[in-house]
Amino acid sequence: MKYILFVVLIYFLPIQLWSQQNGSERKGQFYFILGPEYRITPIYSVLSSTLSNEAIYTNVDKQNAGLNLNVGIEYFVSNNLSISFSNAFRYDLVISEFTEITGDFGAKEANYRLLLDYNISLSYYFKIFDKGEFFVNVGASLMNRNTDFSIKETSSDGTGIGYYISDYHYSANKFSLGYNTNGKKLYLGAFLTNQSPYFNENVLFLVPHIGLSFDISKL
């Protein structure tokens, strides 16, 4: 899966060369893009024994689902092929509320923070209708940045307490299908990975999403 961008480049190269000779209405243009995206509850199947130590401190479904805002730019290499870079912003859960045993019983409050994702992708547009077109988008994403947190750990002999820093970062492949009309895009897709911080082994982790994107202006 980590070679998906390379495969897509090779696959679309003949199409891209053809499109350079068949229209250049958008070729060479930069567009500022903005829009909301809703991530649906992740899909995965695991036994409790495969959950990582980090997973017990958060709610995996809640942390990876919900509404975020995408902001980015899209550059048209040709009339049909574009490359885009975007950031996704959302205020979401880092650490769930949990009971902490120290000298006394107590509860730590849930920790929410502004989380960031970084996405780079390729899109290819298929002109089918006079006023609209379908598109395919594939790319790679760096997920859940700004989720760093510290974990308190007691030594095995009980003589000392230490801390270490962990996080919920992971990388994923991204794909979506959508419809574009006059710079207004509706799309449906998913983030896909088999390596995430929630499990002790490779587990298929799928985050479906649906979103809107608007070309706000040319840059």
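Visitor: How many helices and strands does the protein chain have?
Guide: This is a predicted model, in which local features need pLDDT of at least 70 and side-chain atom pairs count only at pLDDT 80 or more, while totals for chains, interfaces and linings use all residues. Residues are numbered from 1 along each chain as its sequence is written, and side-chain values use heavy atoms, with hydrogens and water left out. Helices (H or I, at least four residues) and strands (E, at least two) are DSSP runs, numbered from the N terminus. On that basis the protein chain has two helices and 12 strands.

Visitor: In which element is confidence lowest in the protein chain?
Guide: Confidence is given as pLDDT, the predictor's confidence in each residue, from 0 to 100. The protein chain has a mean of 85, and 81% of its residues reach 70 or more. Strand β11 is highest, at 98. Over residues 1-23 the pLDDT is below 50, and the lowest mean, 41, belongs to helix α1 (residues 4-20).

Visitor: What share of the residues of the protein chain counts as buried?
Guide: Buried means under 20% relative accessible area, exposed over 50%, and partly exposed in between (1.4 Å probe, protein chains only). The protein chain has 219 residues, and the buried share is 41%.

Visitor: What is the volume of the largest cavity?
Guide: On a 1 Å grid over the protein atoms alone, a cavity is a set of points where a 1.4 Å probe fits but cannot get out, and lining residues have an atom within 4 Å of a point. Grid points are joined across faces, edges and corners, and a volume is the space filled by probe spheres set on the points. The whole structure holds one cavity of 30 Å³ or more. The volume of the largest cavity is about 300 Å³.

Visitor: Which strand gives the most to the lining of the largest cavity?
Guide: The lining has 23 residues, with Ile 33, Ser 84, Lys 174, Tyr 187 and Ser 213 nearest the centre of the cavity. By class there are eight nonpolar, 11 polar and four charged residues; Ala, Val, Leu, Ile, Met, Phe, Trp, Tyr, Cys and Pro count as nonpolar, Asp, Glu, Lys and Arg as charged, and the others, Gly among them, as polar. With five residues, the strand that gives the most is β1.

Visitor: Is Asn 144 buried or exposed?
Guide: Asn 144 is placed in strand β7 and has a positive phi of about 60° although it is not a glycine. Most residues other than glycine have a negative phi. With a relative accessible area of 0%, Asn 144 is buried.

Visitor: Where does Asn 146 lie?
Guide: Asn 146 also has a positive phi, near 75°. Its relative accessible area is 32%, so Asn 146 counts as partly exposed. Its place is the loop between β7 and β8.

Key. 1 Å grid on protein atoms, 1.4 Å probe; cavity = no way out; pocket = protein on both sides within 12 Å on 5 of 7 lines; lining within 4 Å. Contact = heavy atoms within 4.5 Å.
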